[in-house]
Amino acid sequence: MLKAKPFVKWVGGKNQLIEQLDSYLPADFDNLENVTYIEPFVGGGAMLFYMLQKYPNIKTAVINDINPDLTMCYQMVRDNPEEIITSLMSVQSDYKSLKTEEDRRSYYLKIREIYNQKNLNPVENTTLFFFLNKTCFNGLYRVNKKGLFNVPFGKYVNPLICDEATIRCDSNLLKNVTILTGDFEKTFNYADGNTLFYFDPPYRPLSNTSSFNDYAQETFNDGAQLRLKEYCDKVDEAGFKFMLSNSDGKGKNASDDFLDELYKKYPIERVWASRSINSNPKKRGKLTEILVRNYVCTKANSYAENTNEKPIFVAEP
């Protein structure tokens, strides 16, 4: 049976961490009724698609992102999948008819220029967003200070630009999902009853050269990280649950305890992830990320207590 999955590539996507994230959900999550699930930074949506398929007790889902072109993609996949498929098939055919890398690069740069003019209708804009995502370097989405997409050509010869089956499957799963565009704090008004927030914000850079979080004109700096922590406090004080992912500064610099100090009132786990965004292969590989939550009992430690075994996932490479 075909499963819904992210329809775009996304830096920091959670596909490889899904099982670890699942193990740190609240211990009673399976048994809760009428759950509201909220992602204020949806990104590629790996966690969203996983949660909606695994947990039928999620009756309400709300996603948000500050990137309007990304949220437009979600809306168009949800509401107009066949129009998007038809448009993507045309672009895919054009691209694959090109015989040389130089021709493909020229085509890519032409599409990027048209996309940056910001005068397209929703179908056209979504089509070009998909195309750029599938053919740019590493699926990276980055804009300059003027808000213009500036990622270089990725040199792909035969990319799958139009994945018809995934678009249709995702469309069905998104039918009852509320899609918002804007600041993460606006999602609070949608919390009700058994609500779980999953925060996957732009990660705090591990170095001055490792920041790939400028996919909006507004940089998600330390001030924004502090504001997000205060928002987590608000969620906690209202009686809702949250789980948050972020980079692990201490994994690179033992004295970097910015996030550990920021979230010191909450349980913090460290999980291992592989990251391949660096253009230098020698700088790619496994590194730790932090996972913050505002509840004690998780599926992992509940399992361990019931079986006298160690938790399923521990921070080992």
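**View 1. Overall make-up of the protein chain.** The protein chain, shown here as a predicted model, has 11 helices and 7 strands. Of its 317 residues, 49% are buried, and the accessible surface of the chain comes to about 15,200 Å², with 49% of that area belonging to carbon and sulfur atoms. Among the contacts in the chain with a separation of 6 or more, 75% are accounted for by residues 24 or more positions apart.

View 2. Thr-127 lies in helix H6, which covers residues 122-135. Because its relative accessibility is 2%, and buried means under 20%, Thr-127 counts as buried. When residues up to four places away in sequence are not counted, Thr-127 touches Ser-87, Leu-88 and Val-91.

**View 3. Crossing of helices H4 and H6.** Two packed helices are described by the angle between their axes and the distance between the axes. Here the axes of helix H4 (residues 81-96) and H6 come within 9 Å and cross at roughly 45°, and the two helices are therefore oblique to each other. The crossing in which H4 passes H6 is right-handed.

**View 4. Residues that make the contact of H4 with H6.** From H4, the contact is made by Glu-83, Ile-84, Ser-87, Leu-88, Val-91 and Tyr-95, while H6 brings Val-123, Thr-126, Thr-127, Phe-130, Phe-131 and Thr-135. Sorted by class, the residues in this contact of H4 with H6 are 7 nonpolar, 4 polar and 1 charged.

How values were computed: Residues are numbered from 1 along each chain as its sequence is written. This is a predicted model: local features need pLDDT of at least 70, side-chain atom pairs count only at pLDDT 80 or more; totals for chains, interfaces and linings use all residues. Side-chain values use heavy atoms; hydrogens and water are left out. Helices (H or I, at least four residues) and strands (E, at least two) are DSSP runs, numbered from the N terminus. Buried means under 20% relative accessible area, exposed over 50%, partly exposed in between (1.4 Å probe, protein chains only). Contact means heavy atoms within 4.5 Å. Accessible areas come from the Shrake-Rupley method with a 1.4 Å probe; for residues, only the protein chains shown count as cover. Axes are lines fitted to C-alpha atoms, for helices over the stretch in contact, and angles run from 0 to 180 degrees between N-to-C directions. Angles under 35 degrees count as roughly parallel, over 145 as roughly antiparallel, 65 to 115 as roughly perpendicular and the rest as oblique. A crossing is left-handed if the near helix is turned anticlockwise from the far one by less than a right angle, and right-handed if clockwise. Ala, Val, Leu, Ile, Met, Phe, Trp, Tyr, Cys and Pro count as nonpolar, Asp, Glu, Lys and Arg as charged, and the others, Gly among them, as polar.
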